[in-house]
Amino acid sequence: MNHSRRNLVLNALSLAALFSVLYLFKRYGTEYQVRILNNMGIFITMAVSYNLVNGVCGLLHLGPNAFITIGAYTSALLTMSPAEKQMSFIIEPLIWPLSVVQAPFVVSLLAGGVTATLFAFLISFPVLRVRGDYLAIVTLGFGEVVRVMCNALQSVTNGPLGIKGLTPYTDLWWSWGVAVFSIIAITKLINSSYGRAMKAIREDEIAAKAMGIDPFKHLMLAFLVSAFFGGIAGGLLAHLITTISPTLFTFFLTFNLLIIIVVGGLGSTTGAVIGAVLFTWGGEALRVVESPMDFGLFVIPGIPGMRMVIFSVILMAVIIFARRGIMGRNEFSWDALFRRLRLSGR
Amino acid sequence: MTLTIFSQQLINAVSLGSLYALVAIGYTMVYGILRLINFAHGDLLMVSSYAAIYGITIFMLPWYVSFPLAMVFTGVVGILLDRAAYKPLRDAPRISLLISAIGASFLLENLALVIIGGIPKAFPRPDMFARVITVLGVRIQVLTLYIPTLTLILLFGLLFIVYRTKTGKAMRAASKDFETTRLMGINLDRIIAVTFLLGSTLAGAGGIMWAMKYPQVNPFMGVIPGLKAFIAAVLGGIGNIIGAVIGGFLLGLGEILLVALFPGMAQFRDAFSFVILILVLLFRPTGIMGEPITDKT
C-alpha cells in the first residue's frame with residue numbers, strides 16, 4: 001500500500017472515529033457537553049479561517065469579528081419567518097425585501113458566507129493597500145464600524161435590542177461538518193500553488209513580487225476565503241445561541257481568536273485546531289476561578305473576570321517565551337507520525 | 001446656525017481636539033522610537049483616572065497633589081509595561097510585539113475589572129473646573145479652556161525636552177536609526193524608558209482631563225480615546241509630535257462639526273473617525289506632516 005493511499009484510508013478512519021464520538025455524545029452526552037462540543041466546532045472554523053490571513057499570509061488582521069457579525073445577522077434574518085420578524089422588530093420595522101423572505105438553514109448559512117465575502121471584497125481595496133500595524137488598525141476600525149452600524153441601523157439589525165428567538169438549527173453535525181469541511185478546503189488551498197505564493201508573500205513580499213507573484217491577488221483571495229468561512233461560522237453561532245446582539249461580536253471575539261491561533265502556532269492549521277479545542281475546553285475548566293471555592297475551613301470567593309486576566313497573561317507569556325506556539329508552523333501528517341513511531345520503536 | 005452657537009461649537013472642538021492631541025503625542029513618541037502601536041496607551045488613561053480618584057478618596061489628598069501624583073504613577077506604569085511586555089521582544093518580528101501590546105491592553109483592562117470592579121465610578125471634579133462663565137453671550141465651562149492650556153504647556157515642555165536636551169537628541173537619533181544609535185554608545189534601554197515615562201505621563205494628564213470632561217470612570221474607558229488618539233497620530237503623520245497635535249485638533253474639529261451640522265449622525269461619530277482614518281491611509285498614507293516611511297526592521 002503506497003503512502004498516499006494509506007493516508008487517505010487513515011483520514012477516512014479518523015473522520016469516522018470523530019463522527020462516531022460525536023454520535024455517542026449526541027445520544028448520551030449531557031446538554032452542557034454537547035454545547036461545549038458545538039462551540040468547539042464553530043471555534044475551529046473561525047480559527048482555521050482566521051489563521052489563513054494571519055498565519056499563512058502574515059497579515060495582522062484584527063477584524064474577523066466584522067465578518068462573523070455580518071454572517072450571523074444575514075443568516076438570522078433569512079431563517080426567521082416574516083411573522084416572527086414583525087414581532088421582534090418593535091421600534092422600527094424591518095426594511096422591505098428582508099421582511100418577507102425566508103430561506104432554509106443551508107441557504108441562509110451560504111448567504112451569510114457570501115454576504116461576508118462581499119463586504120470583504122469591498123473593504124479589501126483600502127485594507128490591502130497598507131501593511132503591518134496600519135493594516136491591524138484599519139481592520140480593527142472596520143470591526144468597530146460594523147458594530148456601530150449594527151447598533152444604529154435599527155431597520156436592519158433591530159439595533160441594540162438584537163434578534164431573539166432564532167430556531168436552534170445548529171447541532172453537532174452542522175458545527176463539526178462545517179469545521180471538517182473548512183479544514184479540508186483551507187488545507188487544500190494552503191497546499192496549492194496559491195498557498196505557496198501566500199507563504200512567499202509572508203516571508204518577503206518584495207522578493208515574491210520579483211518572482212512574478214501578484215501580492216494583491218493572493219492576499220485578496222485569502223481575505224475573501226477567510227471572510228466566507230467566518231460568515232458561515234457566524235451563522236452557525238447565531239443559530240446555536242439563538243439570540244444575537246451587537247455586544248456579542250466585539251473586539252473581544254477577535255482577541256479570543258488571536259489567542260487561539262497564537263497559542264496553536266501562527267501559520268499552522270493543525271495548531272489552529274488544537275488551539276480552538278484547548279481554548280473552548282480550557283475556558284470552561286477555568287470557570288473554576290470565577291466561582292467560589294470551598295476548602296472546608298475557609299471559602300475563597302469567586303472573582304468575576306479572572307478568566308480574562310488569565311487569558312491575557314497566557315497570550316503574553318506565549319508570545320514572549322514560546323513565540324512559536326504549540327505547533328510552530330508545522331502541520332500534522334501521517335507520514336511524520338509513522339516516522340516518529342518507527343524511531344521510538346527501535 | 002447663529003454666531004453664538006458656532007463659537008460655542010468651536011470652543012468645544014478646540015477642547016476635544018486638544019484632548020485627543022495630548023493622548024496622541026504619547027502614541028507618536030512611542031511609535032517614533034519603537035515603531036510599535038502601543039495598544040495599551042489608551043488604558044493608561046484609565047490607570048491615571050483611577051489613581052487620581054484613589055488619591056482623593058482614600059489618601060485624602062487635595063486634587064492639586066493627587067493629579068500630578070497620578071500622572072507620575074501612570075508614567076511608572078508605562079515604564080513597567082515596557083519592561084514586561086515589550087523589552088523581551090526587541091529583536092522579535094513586529095507582529096509579535098503588536099500581539100504583546102494587544103495582550104497588555106487586555107491585561108490592564110481586565111486587571112482593573114478584577115481589582116476595582118466593573119461599576120463606573122464618579123470622578124471627583126474640583127469645583128473650580130466646573131464653573132461656567134459667559135463671554136459675549138457664549139456660555140463656556142472653564143474646563144474647556146483649561147484643557148487646551150494644559151495641552152499647550154505640556155507640549156512646549158515636551159518640545160523643550162526633545163529639541164533642547166541631550167536625552168531628547170538621543171531620542172531623535174533613535175527614531176531615525178536604532179542600530180546606529182546603539183553603535184554610537186547610547187544606552188537605548190534608558191532612552192526607551194524615558195520615552196515611555198514621558199508618553200505615559202502625558203497619557204496620564206489626558207486621562208485626568210478626559211475623566212473631568214466625561215466624569216464617569218470604568219475599566220474600559222480608555223479604549224475609545226486610545227483609538228481616537230491613534231487616528232489623530234496617523235492623521236498628522238505618525239512619529240511626528242507637531243503632526244499629532246494638528247491631527248488631534250483636526251479630528252476634534254471634524255467630530256464636533258459632524259455632530260453640529262448633522263445631529264442625526266451623532267451615533268455614527270466613532271465610525272466617522274475610522275472612515276477618516278481609512279481615507280487618510282488611502283490618499284496620504286504618511287499623514288499631513290509625515291515623512292516617507294523608511295522600513296525599519
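Which residues lie nearest the centre of the second largest pocket, and how many residues line the second largest pocket?

Author: This is a predicted model, in which local features need pLDDT of at least 70 and side-chain atom pairs count only at pLDDT 80 or more, while totals for chains, interfaces and linings use all residues. Residues are numbered from 1 along each chain as its sequence is written, chains are lettered from A and ligands numbered from 1 in the order in which they are written, and side-chain values use heavy atoms, with hydrogens and water left out.

The lining of the second largest pocket comprises 30 residues, and Asn11(A), Ile183(A), Thr187(A), Phe332(A) and Trp334(A) lie nearest the centre. A pocket here is an open set of points on a 1 Å grid over the protein atoms alone, where a 1.4 Å probe fits, with protein on both sides within 12 Å along at least five of seven lines; lining residues have an atom within 4 Å of a point. Two or more lining residues come from each of the chain A helices H1 (3–28), H9 (172–191), H10 (193–203), H14 (269–285) and H16 (334–345), helices being DSSP runs (H or I, at least four residues) numbered from the N terminus. H9(A) contributes the most, with nine residues. By class, the lining holds 14 nonpolar, ten polar and six charged residues; Ala, Val, Leu, Ile, Met, Phe, Trp, Tyr, Cys and Pro count as nonpolar, Asp, Glu, Lys and Arg as charged, and the others, Gly among them, as polar. The second largest pocket contains about 1300 Å³ of space, a volume being the space filled by probe spheres set on the points, which are joined across faces, edges and corners.
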